Amino acid sequence: MAGKQNLSFEFFPPRNDEALDELTRTAKDLGQLNPEFFSVTYGAGGSSQNKTLETVLKTREATDLKVAPHLTCVGSNKENMQALLDEYQLHGINHLVCLRGDIPSGLMHPGEFLHASDLVSFIREHSGDHFTIDVASYPEPHPESNSPDEDIKHFINKAKAGANSSITQYFYNVDAYLYFVDNVRSQGLDIPIVPGIMPITNYKGLIRFSASCGAEIPRWIQLRLEAYQHDIKSLKSFGEDVVTSLCQQLIDNEVPGLHFYTMNKTEPTLNICNNLDLVG
Ligand code: FAD
């Protein structure tokens with residue numbers, strides 16, 4: 001319930017109309033938790049900006065709650081970014097999540113915006129303070145960064161460019177998050193750093209994706225998931241326990257919110273919020 005814990009829920013644009021209808025039901029169900037906002041990814045899995053907008057508008061219509069589209073440097077130039085920002089503003093959207101995006105293999109140059117900080121600067125220049133801007137951060141440093149300290153420096157630069165708040169890559173090591181936040185605070189940056197939470201619902205997909213995005217699966221978790229990989233009921237039950245406990249530790253450490261990577265599914269996120277007594 002609002003007041004208990006700030007929540008936000010991330011979706012990706014569904015592939016077809018049927019899946020979009022299903023997502024609308026998911027949004028309504030999760031909307032009962034009264035999240036601060038939903039967000040909708042762009043580019044991941046080949047989604048187009050039109051699909052992101054369509055999903056944003058449908059989600060907002062279904063729930064009457066705020067929805068923030070994601071934007072990426074990859075696939076953008078100043079001209080189409082300007083047009084997109086105008087379109088979002090016209091639709092009454094005032095919250096964005098700004099990313100660099102993952103560079104598709106074979107593409108040498110990501111475009112006119114090299115880093116998320118360039119995109120944030122451009123938006124502030126073009127749209128002033130109209131948008132609240134979230135950016136990504138990485139408690140277990142971004143896989144391409146040269147060093148943890150440099151990664152933090154680049155994160156701080158995104159805030160200096162005008163980001164209001166941050167959502168982290170998911171992690172299963174609370175200490176990594178707490179150490180990262182302490183480090184950032186010691187350098188004078190005080191924007192909210194909201195932990196990104198990935199519910200655990202399968203084995204192979206999680207291992208593959210975690211390897212590519214640099215999220216560590218602790219050995220004790222990995223071994224159990226491996227053992228349960230053909231027993232989906234046990235796997236989901238274990239995953240729910242692990243992620244509930246992770247969230248509880250984060251709440252005990254007074255995090256500014258929890259951002260769930262829902263993977264467009266109701267149950268895993270809802271069950272965790274239920275366990276945490278966040279359902280009103
Ligand atoms: P940046 O902040 O640009 O950082 C990327 C790398 O460059 C880092 O290693 C950083 O240390 C380094 N760097 C930054 N600035 C500089 C500089 N000035 N000079 C040299 N090096 C620099 N991807 C999608 O495609 N679509 C999405 O919708 C999407 N949503 C996401 C939401 C969240 C909350 C998160 C955490 C990630 C999301 N991603 C998404 C993935 C994201 O695009 C990738 O993690 C990407 O590899 C990095 O994006 P970034 O915005 O952190 O990039």
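The following legends describe close-up views of a predicted model.

Local features are taken where pLDDT is at least 70 and side-chain atom pairs where it is 80 or more, whereas totals for chains, interfaces and linings use all residues. Residues are numbered from 1 along each chain as its sequence is written, and side-chain values use heavy atoms, with hydrogens and water left out.

**View 1. Eight strands close into a barrel in the order 1-2-3-4-5-6-7-8, with parallel pairing.** Neighbouring strands of this sheet are turned by 30° against each other on average, direction ignored. Helices (H or I, at least four residues) and strands (E, at least two) are DSSP runs, numbered from the N terminus. Two strands pair if DSSP finds at least two bridges between them. In general, strands of a sheet pair through backbone hydrogen bonds, either parallel or antiparallel.

**View 2. Strand 8 (residues 258–261) runs parallel to strand 7 (residues 193–197), to which two bridges join it.** Gly196 stands opposite His259 of strand 8, and Ile197 stands opposite Phe260. Strand 1 is joined to strand 8 by four bridges, again in the parallel sense; here Glu10 stands opposite Tyr261. Both faces of strand 8 are covered, with Leu258 and Phe260 buried on one side and His259 and Tyr261 buried on the other. Buried means under 20% relative accessible area, exposed over 50%, and partly exposed in between (1.4 Å probe, protein chains only).

**View 3. Helix 1 (residues 17–31) has 15 residues, and its end C-alpha atoms are 20 Å apart.** This agrees with the 21 Å that the helix should span at 1.5 Å a residue, where the expected span is 1.5 Å times one less than the number of residues. Leu20, Leu23, Thr24, Thr26, Ala27, Leu30 and Gly31 are the buried residues of helix 1. They cover an arc of only 165° around the axis, which puts them on the same side of helix 1; the arc is that of the directions from the helix axis to the C-beta atoms. Glu18 and Arg25 are exposed on the other side. At the start of the helix, a side-chain oxygen of Asn16 reaches to within 3.3 Å of the backbone nitrogen of Glu18.

**View 4. The cover over the buried residues of helix 1 includes strand 1 (7–11), strand 2 (37–40), helix 2 (49–63) and helix 10 (267–275).** Helix 1 lies across strand 1 and strand 2, and runs at about 170° to strand 1. Axes are lines fitted to C-alpha atoms, for helices over the stretch in contact, and angles run from 0 to 180 degrees between N-to-C directions.

**View 5. Strand 4 (residues 95–99) is largely enclosed by the rest of the structure, because five of its five residues are buried.** His95, Val97 and Leu99 are buried on one side, and Leu96 and Cys98 on the other. Strand 4 pairs with strand 3 (residues 67–72) in the parallel sense over three bridges, and Val97 is the bridge partner of His70.

**View 6. His95, which lies in strand 4, is buried with a relative accessible area of 10%.** A polar contact of 2.7 Å joins the side chains of His95 and Asp134. Such a contact is a pair of N or O atoms within 3.5 Å; within protein, one must be able to donate a hydrogen and the other to accept it, and residues adjacent in sequence count only if both atoms are side-chain atoms. Not counting residues up to four places away in sequence, His95 touches Phe37, Val67, Ala68, Pro69, Phe131, Thr132 and Asp134, contact meaning heavy atoms within 4.5 Å.
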